[in-house]
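Welcome! Have the sequence and the 3D view ready, and let us walk through this protein together.

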Amino acid sequence: MAYQFDTLKIRAGYNPAEHKQSVQVPIYQTAAYEFRDTQNADGLFAFTETGFLYTRVNNPTVDVLEQRVAALDGGKAALGLASGMAAISYTLLNLAEGGGRILTTPYLYGGSFDSFGRIYPKFNIHIDLSPNIHNPAKLEADIKEDTKAIFVESVSNPTGAVADLEALAALAHKHGIPLVVDNTFGTPYLINPIKYGADIVVYSATKALNGHGNLIAGLVVEAGGFPWDNGKFPQILQEEYVLRDRASGRKRSFLEVFPDAPFVTRIRLVYLNYFGAALGPFDAYLALIGIETLSERVAKQVSNARKIAEYLEKNPHVEWVKYPGLKSDPNYTLAQKYFPKGPGSVLSFGFKGTVEQSGKFLNAVELLSYHVNVGDARTLIVNSPRTTHGELTSEEQQFADVPPNLIRISAGLEDAGDIIADLDQAFKKAFN
Ligand SMILES: *Cc1c(COP(=O)(O)O)cnc(C)c1O
């Protein structure tokens with residue numbers, strides 16, 4: 001039976017009968033798993049039997065999280081990792097291994113923007129930041145011979161640029177490359193990028209997916225069905241000794257042995273196995289509990305974000321407000337199409353005042369928490385240009401659409417009136 005989203009978020013990937021009838025998913029706090037016998041060990045190493053070997057590579061608690069998120073996103077398989085940054089880096093390394101280009105936009109999480117320019121080129125992976133992301137016809141000119149993927153955020157951090165996923169997927173597929181979507185701000189509740197043609201979806205589960213600001217985790221979801229054998233991805237077709245057929249000794253490729261999900265399986269057995277950013281079972285357990293209330297939390301956060309954005313729009317100390325749920329926002333039309341339930345819980349505004357007044361405002365906020373992170377149950381406020389996007393030079397900040405007076409708010413689950421009253425008193429103190 002095909003269950004709806006709200007049933008899957010509570011039930012998918014878990015059968016109590018396989019876990020001593022435990023109602024909640026148990027925390028398998030173990031490094032390794034005992035083989036039943038030599039035949040079992042042989043079968044596990046030959047990939048003819050499924051099971052668990054070593055928690056760096058797989059773990060029963062993490063496995064439930066992976067299956068649950070794959071179900072929520074309509075993917076064939078998912079891989080849990082120690083952070084969102086591990087999910088992004090392993091994905092891009094697995095795509096452009098040995099050298100190549102990734103085409104993306106300047107509208108990115110600060111850590112992505114920063115790492116793209118600073119570390120990937122040292123691995124001979126060049127990341128092109130094209131401002132033409134809203135103009136697929138122009139963007140096509142930025143796809144080069146060795147471009148291995150298009151990477152975008154479904155709705156971007158911090159200014160809420162909404163990606164036209166259908167147009168981007170069509171463009172990527174025309175050039176034989178996958179569309180990779182960072183759906184951290186979207187969450188599977190608001191949007192399933194795979195439905196619009198995305199091939200790989202990555203998450204920082206640290207944010208709204210878990211929603212309680214109490215762990216660091218990431219996931220990679222594979223849609224399945226991408227033609228990895230089109231000549232651009234030899235690493236996925238390479239014949240591997242570890243994947244050999246034990247009877248004949250013939251070496252086999254990831255695509256041959258794992259046709260449903262060759263991409264995430266290769267990340268698991270190569271990058272996770274060798275580079276080791278494993279997600280611990282306790283953090284996976286916390287993420288599963290967070291996901292049980294994903295819809296309820298995100299719906300309330302969207303409602304609070306909208307109320308805060310509407311309040312700010314009317315405030316005389318605010319130069320502009322960016323939230324794609326506002327009619328005045330340039331992303332409004334795309335948001336209506338891709339985010340019918342609302343474009344997430346993050347908004348930003350331009351503080352109209354001196355740097356000193358802006359500092360006074362932030363120091364005067366009492367209820368809201370002043371720190372980085374988003375998607376938390378608590379409402380968070382931060383001056384992004386000095387913090388989350390602080391590693392970027394002022395030219396890079398301008399390119400990323402992060403002006404010096406930008407303040408970002410991630411709406412939490414408190415009473416909207418209390419949040420607005422707190423902002424109001426802080427504005428009054430800043431301008432008294
Ligand atoms: C936070 C974040 C990341 C990085 O995730 P971590 O779990 O902090 O490593 C990546 N992408 C986006 C959009 C984020 O907000």
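Strands β6 (residues 200-204) and β7 (residues 218-222) run antiparallel and are joined by five bridges; strands here are DSSP runs of E with at least two residues, helices are runs of H or I with at least four, and both are numbered from the N terminus. Please keep in mind that this is a predicted model, in which local features need pLDDT of at least 70 and side-chain atom pairs count only at pLDDT 80 or more, while totals for chains, interfaces and linings use all residues. Residues are numbered from 1 along each chain as its sequence is written, and side-chain values use heavy atoms, leaving out hydrogens and water.

Now widen the view to the sheet. Its seven strands form an open sheet with mixed pairing, in the order β1-β7-β6-β5-β4-β2-β3; two strands pair if DSSP finds at least two bridges between them. Because β1 (77-81) and β3 (125-129) stand at the edges with a single partner strand each, one side of each has no neighbour in the sheet.

The largest nonpolar core has 138 residues, and L179, L312, F349 and F361 have the most contacts inside it. Such a core is a set of buried Ala, Val, Leu, Ile, Met, Phe, Trp, Tyr and Cys residues joined through side-chain atoms within 4.5 Å, where buried means under 20% relative accessible area with a 1.4 Å probe, protein chains only. Helix α13 (residues 294-313) gives the most to this core, with eight residues.

Note on methods. Buried < 20%, exposed > 50% of the residue type's maximum accessible area, 1.4 Å probe, protein only.
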